[in-house]
Structure formats: C-alpha cells, structure tokens
Amino acid sequence: MEILSLLGDGMLVAIQPLNLMLILVGVTLGLFIGAMPGLGSVNGVAILLPVTFLVPPGSAIIFLAAIYYGAMYGGAISSITLGIPGASTAVATTFDGRPLAMMGKARLALVAAAVGSFVGGTVSNILFTGFAPLLATVALSFGPPEIFALMLLAFATFVGLGGDDIAKTVFSICFGLVLATVGFDQISGAPRLVLFDLNGFLGGISFLVLAIGVYGIGEMLWTIESTRGEITKTDADISARGILEDVGESARKGWKGMSIGSFLGFFVGVLPAAGATPASLMSYAITKMSSRRPEEFGKGHVGGVAAPEAGNNSASTGSMLPMLTLGIPGSPTTAILLGGMVIWGLTPGPRLFVDQADFVWGLIGSFYVSNAFALLVNLSFIPLFIWVLRMPFTTLAPLIFVLSVVGGYAAMQDMFDIWLLLVFGFGAFFLRKFDYPLAPAVLAIVLGPIAEPTLRQSLLLSSGDPMIFFSRPISAPIMVVAIILIVMPAFKYLRPRRKRAAR
Amino acid sequence: MRVGEIVTAGVLALLSIYFMYKASANGIGYAVGTGPQGGFWPFWLACGMLASTGVIAFNWVRRASAASRSDEPVLDSHGIKTMVFVGGGIIGFVALIDIVSMYGAVAIFLLYYLKLLGRHSWRLTLPMVFLFPLVLFFFFEGLMQITMPTGLSFTDPVYNVLYDIIY
C-alpha cells in the first residue's frame, strides 16, 4: 500500500503543468529523433541535456525520460516504413515490419509496434514499481560469465533467425563479430585488425555503418533490381477507424509476443551492459520458436513486430533500474541520464529512494504518463508515416538513399565511414542475391563488444578453464540452453536423412 | 548464379584468411596473468567463417542451395543497368559531398534520380530538390546541432546566410 501511495504522489508530480508539457514535447521530439535513421534515444538525450538546465532537476529528468520513451517508439517507424533500422534496438522489428509494409499493411505494423511498445512499457513500469530493490540485487549477481552466457544465448537464437542455410547464417554471425573487433583491443589497448592498414579502421566499425549499408543501400538496390524497374508503391490506407481496428488485431495476434517481450525485455534490460538490443532480439526469437506457425515469421507476422517492440521498450525501463538503485547504467542512454543526475546534484544509489523520494517517485510516475502519451502521439502521427509510404517508389527510393547517407554521417561525422557504408551496401546487395542472411551480422556487431570482454574476463578469472561457464548456478543453465539451441538445427537437418536412410 | 555462388564463397574464404592473418598479429593464445590475447577472439571467429565457406562449397558441389542449382546470371541487363545508374548515382552523390557540401550533393542527387531515373515532372522535382535539403539543414544543423560537410569555399556565401538564420 505504501508503494501505491508513493506512486500516487509521483503521478501528481508528473501531471503538474510544466512536467506534463515537458513530457508531451519530449515524447514528440523523441519520436521524430528515433524515426530518423542514424539517430536514436542516445542522440536525443545527449543533445537536449543542456536544455534541461533551464528547469528544476526533477522536471529535467522527466523530460529526458520522455525523449527516451519517444525515441524507443520512433525506432520502429523507420524500420517499418523505410526498411532501415534507425537504432540497433529496432533491427528485429525490420524482420516482420518491413514485409507487412510491403504487403500494404504498414498501418497494422505501425499500430502493432505502438501497442507492443505500450504494453512493454506498462508491464515494465509495474515491475519497476513493485520489485526495484529485489531485481537490483539479482542484477548484481550477473558477472562476466553470466553476461557471456546470455550473449551466447542471443547468438544461439540468431541461428533460428537466419534462412535455411545454416552455414551462411554461421558465416554471417562470425563476420559481424569479427567486424566488431576492428579498431583497438578493449583490454590491452593495442590496435587490432586495422584492415589494409587504413587509419579509418582505427576508430572501429560502428553498428550503424553496417546496418545502414545493409538495409538502406543493399536492400534498396535489391528491391529496385528485383522489381525490374516497375514503379511500385505500397498501398496503405489512412483512417482513424482503421487504426482502431488495427489496435484490436494487434492485441489479438500479437498478445503472445507482447507478453514474452514485456517480461523478458524487462529482465534483460535490468542486467548491466545487456540493454534493449538483445532484449528485442531474444523476444523475437522466443516468440518465433514458441509459435505454432514459426514459418510465418519473417514474412509479415504481427507478433514479429509486437514482440521486439515490447521487448525493447520494456528493457528501456528496466535499464533505468540499475541506474537509479545502484548507479550502474544499463545502456548508453541511461549512462547520459546518470551523468545528468550527477550534474544536478543527485546521487544515484540505494539511498536515492530514501533521500530523494519525491524525485524518484516523480520520475517513476512520469514513466507511466510518458508511456501513455507516447502511445497517443505515435498513433496520431501514423497517418503522416503512412503518407510517406504512399509515395511512388521512384520518389521514396532516393529519399531513403539520402537519409541513409545523411543519417550515417550525422552519427559518425566521418566520410571514411560513409564510403565504408557504401562498400557494405554493395556487398550486401550481392550477398542477398546468394541468400546470405545479413541480420545476424548486424546484430552480432552490436553484441560483439559485450561478448568478447566478458569471455576474456571469465577465462582470466578461471585461469583459462572454460568450465567456469558450467560451474556457476546462473551461467550453467543459460549455457546449456544456448548449446541446445545451437545444436538443434544440425539435429533437425540430420533426422530426416536418417529416416530416409532407414526407409 | 551457380558460378557466382562458388566465386562468392571463394572470395569470402580469402577474406576469412586475411582476418586470421591480421588477428594473429595480436597473439591468439592464452597469456598467464592477462588471459586470452587480443587476437584470440577474432582469430577463432575468422576460423569459423572459413569453416562456413567450406560447408557452403560442399553444399555447392552437392547442389544443395538454390543458387548452386540456378543457371540464371547474377546480373541480367536490367541488373547491370541498376548497378550502373542507381549504384553509380549513389557513388557520385557521396563523391560530391566534399565538393558541393552535403546539402548540395543531396540536391544534385535528387535532381538526377527524380528527373532522369524517375522521370517525374518538374513540378515535383524542383520543390523536392530545393525544400528537402533545406528541411534536412534546419533539422540537423539547427535542431540537432550536427554540422555536415560544407564542401569547397565557393559554397560559403550560401552557408553564411543559412547559419545567420539558425544562430
């Protein structure tokens, strides 16, 4: 009861006129920043951080949290309408969001993303409110072996995300992981894999360069080539009634994905260093695996949009938990929020809930209000996003190319990366022709920088003994599940052959 | 497609070997006190890449993949045209950035694509060519405070006017 009373007080803080206005502005700005390829919540929060010094600290963090919420909703928009995941958290949304848009069901995809995000946000808010201190303790028990086991589990789910050709999927995963090691060795600091001795590689290869290259350039070239130059446009109906009908259909067809994404996403988000990208990916993969018709995923399944969106939104709230309770940021965006809190004179940690109760509960209250506003703002802008899709393809295609290059430069600020983006784009076009799945490479480049140091730290802890992963109570079951998932496709491949041989 | 599949696998195998060679420069073993060396992780991943290309080649021999059974060319005449006109257009767009600025290159690329490739009317093309770069300018430079390349000095008078508006 005490929690409900504190939450009620927090809600009253959140709906004060100034805070309410900041939430509305923050959510709307975040939505558009998130929808722009190359920009994500981290850019929005970082760029608008100085603006927050004009308002009291409580209102400032509410504003930044609203931007964070809006951007998490917005990431799905470019994935669905343009086929370019604007942020790593929205890669999994592309798998079914884009096919739905190409089938003329962009409105349904956008609504499913919005509803999934709302459900994920709401469930995570409830979990956050009720179990913050308890979950913070669980998160602390995750050391390098547990985090590596979790990453291996994420990689294992990639195998299920690729096409039928397992060798090409494994190649794609390894390729993404190797690209993630280019630049400097995180532990020794020595230059590593500086390809062709080009200094541009010293800065490493960003996820965005690969993602925009693959989806913004490669996929678009492939679409233009495969449509044989015929002018095509995606049919997408705009009507308020239709949007309401889609809300019902999203809930009906996507409830399972939303449930999985909401709970799994929150838990993964709580873990330090994990974040919303593995959360969205694992939500997608588990929803696909548990579906009665897994073959429909990747071809335009509503659950394939709702699950990752619920997962990444839930993880975003979850990642706030270690930041507030332990002072450990769970994602790059929360790291900036943490910096902001320190500048405003607030000290994150267990005492924050006692010493600054008004601030903490005002922030938690604002999560609920921001989530509701984000849904409403998102749904009200759907006609605008649909209008983009109704453009003739010969108008939309150059705009996508332009946004890919401009967005890529905005994120990286280096022309070397833009040329690299083109190399990846043309490479992806040819690999696509030979059925190489490239989504695993894109996701691997995001998770590689988490997986490698945790593997090396774990082996250092055990003096090189890999059994460390199987001797700890949390990492052991995760490792076993991951290994089963990796071995399962080979087993499925061999079983029919044995049956045929027996016959 | 059949020839393309094995050539692609061969190129990717060479790339894997190159990655292994580069990774080995950082050491691929286990060092007492510091744990796995810097090249350990990328080297063994590149080995995984190489092994995968071996399996792809084996599947090609067995004609197990769709591409290994196909007699179609990788790029037909339309595909070659796409690569030359669309792909070439994108390369030209990026090459122009350092000369005519990011927004200038956007305008030229839109003019090229909408008018020459898309064959749209001037009524659609001209507003897009002038307004879209302006919208991008005010979004990135004004709102997001991200500076884009301004090209050679001859573009300065235009940017002086635009920067006066936002600052």
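User: How do H4(A) and H15(A) lie relative to each other?

Analyst: This is a predicted model. To read a helix pair, start with the angle between the axes. Angles under 35 degrees count as roughly parallel. Helix H4 (residues 57-81) and helix H15 (residues 357-389) of chain A pack at an angle of about 30 degrees, and H4(A) and H15(A) are therefore roughly parallel to each other. Their axes are 8 Å apart. The crossing of H4(A) and H15(A) is right-handed.

User: Which residues in H4(A) and H15(A) meet?

Analyst: The list from H4(A) includes A:Pro57, A:Ile62, A:Tyr69 and A:Thr81. Among those they meet in H15(A) are A:Phe359, A:Gly362, A:Ser366 and A:Leu389. Sorted by class, this contact holds 15 nonpolar and 8 polar residues, with no charged ones.

User: What is the angle between H5(A) and H12(A)?

Analyst: Helix H5 (residues 91-102) and helix H12 (residues 302-326), both in chain A, pack at about 145 degrees, and their axes are 8 Å apart. Their crossing is left-handed. On the H5(A) side the contact includes A:Ala92, A:Phe95 and A:Leu100, while H12(A) supplies A:Gly304, A:Val305, A:Pro308 and A:Glu309. The classes here are 5 nonpolar, 3 polar and 2 charged.

User: Is A:Ala14 buried or exposed?

Analyst: Burial is read by counting neighbours. A residue with 20 or more other C-beta atoms within 10 Å is buried. A:Ala14 has 26 C-beta neighbours inside 10 Å, so A:Ala14 counts as buried. This residue lies in helix H1 (residues 2-14) of chain A.

User: Which residues does A:Ala14 touch?

Analyst: Leaving out residues up to four places away in sequence, A:Ala14 touches A:Asn19, A:Ile62, A:Gly362, A:Gly365, A:Ser366 and A:Val369. By contrast, A:Asp165 is 151 residues from A:Ala14 in sequence and 51 Å from it in space, C-alpha to C-alpha.

User: How many residues of chain B are in contact with chain A?

Analyst: An interface is read from both sides. Here 54 residues of chain B are in contact with 47 residues of chain A. Elements of chain B giving two or more residues include helix H1 (2-24), strand S2 (35-36) and helix H4 (77-100). The chain B side has 33 nonpolar, 18 polar and 3 charged residues.

User: Which domains does the assignment give for chain B?

Analyst: The assignment gives domain 1 (2-69) and domain 2 (87-166). Taken over C-alpha atoms, the centres of these domains of chain B are 41 Å apart.

Definitions and conventions
Residues numbered from 1 in each chain as written. Chains lettered and ligands numbered in written order. Predicted model: local features only at pLDDT ≥ 70, side-chain atom pairs only at ≥ 80, totals over all residues. Axes fitted to C-alpha atoms, helices over the stretch in contact; angles between N-to-C directions. Helix = DSSP H or I, 4+ residues; strand = E, 2+ residues; numbered from the N terminus. Left-handed = near helix turned anticlockwise from the far one by under 90°. Contact = placed C-beta atoms within 7 Å. Nonpolar A, V, L, I, M, F, W, Y, C, P; charged D, E, K, R; others polar. Buried ≥ 20, exposed ≤ 12 C-beta atoms within 10 Å, placed from the backbone. Domains from an automatic or database assignment. Parallel < 35°, antiparallel > 145°, perpendicular 65-115°, else oblique.
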